[in-house]
Amino acid sequence: MKVVFHVDEMGKWQEATNNIRNLLHLEEKAEVVLLVNGSGIQSYQLKHAQKFIRENPNISFHACHNALKAFQMDEADLPASVKIVPAGVLDLIALQAAGYAYIKP
């Protein structure tokens, strides 16, 4: 099972991570990507977000380059394990084409 969770608002980070925990509790081998764009990009700077990332090395975390620019952030503002993608929408399209189910909390 492959799933991409999409967070485009800061307030949706906690709901998305709760959804991910619930999924992984039932489907331990699920391949999970958490893609963040829009104002959600600022979530990567929150302490609880950074803790979630550290505690979940099997989850892929993606960040939209366009959102980074829009919110005047750069790669150094993100945890090292976060992959920067050129555009969040293109990443979503590619992931869905690769068979990832789309979840937007």
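Asn37 is buried, with a relative accessible area of 11%, where buried denotes under 20% relative accessible area, exposed over 50%, and partly exposed the range in between (1.4 Å probe, protein chains only). The model is predicted, so that local features need pLDDT of at least 70 and side-chain atom pairs count only at pLDDT 80 or more, whereas totals for chains, interfaces and linings use all residues. Residues are numbered from 1 along each chain as its sequence is written, and side-chain values use heavy atoms, with hydrogens and water left out.

Asn37 is located in the loop between β2 (31-36) and α2; helices (H or I, at least four residues) and strands (E, at least two) are DSSP runs numbered from the N terminus. The side chain of Asn37 is joined to that of His6 by a polar contact of 2.8 Å. A polar contact is a pair of N or O atoms within 3.5 Å; within protein, one atom must be able to donate a hydrogen and the other to accept it, and residues adjacent in sequence count only if both atoms are side-chain atoms. When neighbours within four places in sequence are set aside, the residues in contact with Asn37 are His6, Val7, Asp8, Cys64, Ala67 and Gly88, contact being defined as heavy atoms within 4.5 Å.

Asp8, one of the residues in contact with Asn37, also takes part in a salt bridge with Lys104, with the closest N and O atoms 2.9 Å apart. This pair links distant parts of the chain: Asp8 belongs to the loop between β1 (2-7) and α1 (13-26), Lys104 to the segment after β5 (101-103), and 96 residues separate them. A salt bridge is here a side-chain nitrogen of Lys or Arg within 4 Å of a carboxyl oxygen of Asp or Glu, and by this rule the count comes to three. Asp8 is partly exposed at 24% relative accessibility, and Lys104 is likewise partly exposed, at 37%.

Another salt bridge pairs Glu15 with Lys12, the closest N and O atoms lying 3.5 Å apart. Glu15 has a relative accessible area of 37% and is partly exposed; Lys12 is also classed as partly exposed, at 24%.

In helix α2 (residues 47-55), Lys51 and Glu55 are four residues apart and therefore separated by about one helical turn. Their side chains meet in a salt bridge at an N to O distance of 3.6 Å. The relative accessibility of Lys51 is 44%, which places this residue in the partly exposed class, and Glu55, with a relative accessible area of 49%, is partly exposed as well.
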